[in-house]
Amino acid sequence: MPSNPRRFFRLALSLLMLLSVTPASAAASLPAPRQLPAANTSPHHVIEIPAEAFGLPLAQDETARQYAGGSVLLRQGESLHFSVSVPAGGEYTLGFDAAASPSASTAPEGQMRVDGGFPLGDLRRVLFPLFYRNSANAFPKDRYGNDALIRQERLTRWTRVPARDATFSQADPLRIPLSAGEHRFDFTLTEGELYLGSIYLQTFSPSPSYASYLDFLRAPVSSGFSLTLEAEFPSYKNDTSVRPANHRDLTVTPYDTYKLLLNTLGGESWNKSGAAVYYEFEVPADGLYAVTLHALQNTRSNFTVFRRITLNGETPFAELNAFPFPYSVNWQDVPLGGETPYLLFLHKGVNTLGIEATDSPYLPAIETIQQALLDINTLALEIRKLTGNQRDPYKEWVISDYIPDIQPRLNAIAQNLLNDKEMLLAITGSGASPEVLTYQMAIDNLLFLAADPDKMPVYMKRFSEGPGSSAQLLGSLLLQLQSQPLALDKIIIHSPDVIIQTPPPPFSRSFAEGFKRFIHSFQPDPYQSIGAEEGELEVWVNRPRQYVDLLQVMSDESFTPQTGIRVKFSIMPDESKLVLANAAGIQPDVALGVSTNIPYELAIRNALYDLRSFEDFDSFIRIYSPGALLSYIINDSVYAIPETQDFWVTFYRRDILESLGIPVPHTWNEVIEILPELQRYGMNYNTPLSSGAGLKGYLLTAPYLFNHDAKLYNDDGFATGLQSEQAIAAVKFMAESFTIYGMPLTTSSFYESFRYGTLPIGISNFTDYIKLMTAAPEIEGLWSIDLYPATVLPDGRQLRYATGSAQASIMFKNTDQPQEAWQFMKWWMSTETQSDFQERLILNYGREYLWNSANLEAFSRLAIPEEHRAVILEQWKWLQEPVRLPGSYMQERELSNAWNRIVFDGVNPRVALDRSINIINREIARKMEEFGYLKNGRRVKEFKIPTIETVQEWMDHAQ
């Protein structure tokens, strides 16, 4: 018996799992729980809690039948309970036989309480995977012969899921300290739907070393076997953002000189710890094999990334918990184990190789940085409580009298970072890596401040505020350490006696291929070229290539077979040139992704088709918020339909507001009430008007008018409405927010200020929402959103109108296929197509590609947190776009000018508006005469001002 029985037992258990894996055809079914020998005489204990012990009805559907034992189905908010008698005190791990519900759109999450509490903070978020697979075995081709992404589909798969930390940064499962005796476990599902079979509680044992693993094995070494797997075709994966990519390198297979082939997997899309791909393959006999990866890590210079390797669901030995891939310029053959490859036991038949991104070697540095950021934010808040907003460089502070331990605190933060810097140097092997240099700059800032902490109020920009501060440097470094990009070309499973070496291409071939590609570069890009074939609908798209690729594939798959209408998509050269394209007669039939201000300018010049002339238009637009169409209406005609839709909501840092005892405001009066408290600590409230200098457009100024119940124009549309008392009150408040209440005049980046806590609350839009969802891991779970603040009117009404336009779809009047174009526009904006498009974007490219469809039904299916979706949909009930009319651009400009005169020049609001009113009315009259509504100053044609009620009436009376 080995001297370390715990390690011996862990090794035996690992090998037992390798030997007892079911074949691929039964992959959804787990093996029956094993009965371990003499558990009471061994320090290793495994306790199985079957689903029958949960006290819940057993599931009986198809997914439940795929599991060998009984299982239960938990929905969001539901709980289960069980008690366990632990035979001996120690650290234990939890494992779940689980499968996400086929209908789940987001990965299930749960909480596990032990004896009523959380012995580990990570038990507050236990994550369960969603699995995906390709819906086809080969890449579809677009109409130009290039590879297109295969549609991903959900794979319902039962698997043994260990309870791990939410960021998948720890090499081992969570280790729960338990004393001997009875313990109660309470599991609550907080997100999604989940099938649960048995739950396992077992003593923690570290993974054996490779030497121990090899000593234990008594299997023969295989000979003469080699199997190549193309990495771009995994059997399944747990993260759809890990996607195939094109790489034109002669050592990569397959290769084509002219066509774009998706011949590799990952790269920058495979950088998140926990993202894993799995490959199922067969070997002819039990034995020991080697694994070689054809890999490239050229994204991060002087940086080493890591992958966790599993075989049949288990990491065979400790060295594979984090296998290194250093920086390289060229593709390399990387054997697992290096020059002397590891010998891995594979059983005859189907085996599963898992490759998971992991940042576990950097975990000590990540945790140190996270703690340093917390310490910096805490200390910065204490300083702001003392100094408020005062940043006078000539004022002397003796901060150490009020925070006596400030110097040792700064030195402690710096020293902890210095200790981990050595660990980074050991991993990267280079002091010139950007990560090490960033680390040192943050440390230098802290040491500089620690030398004379009384000067910190003057040097807050080196501590916690703005670019170059320690907080900013450490925040960016945190993201860099957590990012683990790696590209794979192929995976070779082979016998140790088979030498795997990809020879470099001959110089003559490299030269010839380079020359051919150079000549080919002069050929026009079909997606950039304009013009369609006879009978083909031409559609220009004002979006990047990946959107156009997906649109073309979806249209060829769905729209064309259904209708017989062929569509050619092209990337729009320049949307500002659409007027010129129309004048030149080279305009498309339909344009997508057009900015919200352009349709009116084209329509007033008779360049667009009246979409309301189609009989089913009024019934079709029921998918929209009524206020979303207002800027596309001229009289009773509609010249565009919304495609995407923005939202303006309140973002707030839950942690900061709770620490200060500040409630989330729901009206502007409540915002004003919390401002003094925020400003006392050097913080503030962000408004859309703070976003940069220059023109304050309608999207930012119009909501103030709407919410004061003011009209933009008079009833007939031939003059401005800014002379009303309501409009004056709106403009006055718009200015006083800055002149009296001290809101920030400019915010260079609300996203950055929100992360650092200088603007812990404020109004922003979808752009910042995506950034916070995908690129702010340090405040994950610490922020949320609420409705736009309401304006309380004297009669008690509360109005919270906000704009929300983003992009629109238009049809040109000169099209010779109006019915076909309308069919396409309806198909494109239908709930089914929009839902499919947004799902494919996320499945193919990740959450960074969230699609904010203007179709309310489709948006309600978007995979974002339910509480966020509810807030956004509720705010969209208050969506109102500013109506446009001839000369309205002058009102948009003069509103901004009036605000500037009041805020910067101190002009009285009435005086500022009087001057603007005269300018606006003159321009409206001039434009009305130009477009035939006035003649010699007399009205000759009526102009109707559309309202939300107008559009709602169209919807209500549609057949």
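**Close-up views of a predicted model**

**View 1. Arg 840 and Asp 836 pair up in a salt bridge.** In this predicted model, the side chains of Arg 840 and Asp 836 meet in a salt bridge, at 3.4 Å from N to O. The term salt bridge means that a side-chain nitrogen of Lys or Arg lies within 4 Å of a carboxyl oxygen of Asp or Glu. Why are Arg 840 and Asp 836 separated by about one helical turn? Because they are 4 residues apart in helix H22 (residues 831-845). Helices here are DSSP runs of H or I with at least four residues, strands are runs of E with at least two, and both are numbered from the N terminus. Both Arg 840 and Asp 836 are buried. Buried means under 20% relative accessible area, exposed means over 50%, and partly exposed is in between (1.4 Å probe, protein chains only). Arg 840 and Asp 836 also belong to a network of salt bridges that links them with Arg 151 and Glu 557.

A word on reading these views: residues are numbered from 1 along each chain as its sequence is written, and side-chain values use heavy atoms, leaving out hydrogens and water. Because the model is predicted, local features need pLDDT of at least 70 and side-chain atom pairs count only at pLDDT 80 or more, while totals for chains, interfaces and linings use all residues.

**View 2. Here are two further salt bridges.** How many salt bridges does a search of the whole structure find? The search finds 43. One of these joins the side chains of Arg 409 and Asp 405, at 3.6 Å from N to O. Arg 409 counts as partly exposed, at 23% relative accessibility, and Asp 405 is partly exposed too, at 36%. Another salt bridge brings together the side chains of Glu 894 and Arg 901, at 3.7 Å from N to O. Glu 894 and Arg 901 are both buried.

**View 3. A nonpolar patch sits on the surface.** Phe 507, Phe 511, Phe 515, Phe 518, Ile 519 and Phe 522 form this patch, with about 760 Å² of accessible area together. Patches are made of residues with over 30% relative accessible area and no salt bridge; like charges are joined within 9 Å, and nonpolar side chains (Val, Leu, Ile, Met, Phe, Trp, Tyr) within 5 Å. Areas come from the Shrake-Rupley method with a 1.4 Å probe, and for residues only the protein chains shown count as cover. Look for Phe 515 in helix H10 (residues 507-520); Phe 515 is partly exposed, with a relative accessible area of 48%.

**View 4. Gln 546 reaches Tyr 849.** Gln 546 lies in helix H11 (residues 545-563). A polar contact of 2.7 Å joins its side chain to that of Tyr 849. Leaving aside residues up to four places away in sequence, Gln 546 touches Tyr 845 and Tyr 849, where contact means heavy atoms within 4.5 Å. A polar contact is a pair of N or O atoms within 3.5 Å; within protein, one must be able to donate a hydrogen and the other to accept it, and residues adjacent in sequence count only if both atoms are side-chain atoms.

**View 5. Four strands form an open sheet with mixed pairing.** The strand order is S32-S33-S31-S34. Strand S32 (685-686) and strand S34 (783-786) are the edge strands, each pairing on one side only. Two strands pair if DSSP finds at least two bridges between them. S32 and strand S33 (residues 761-764) run parallel and are joined by 2 bridges. Tyr 685 has Ile 761 in S33 as its bridge partner.
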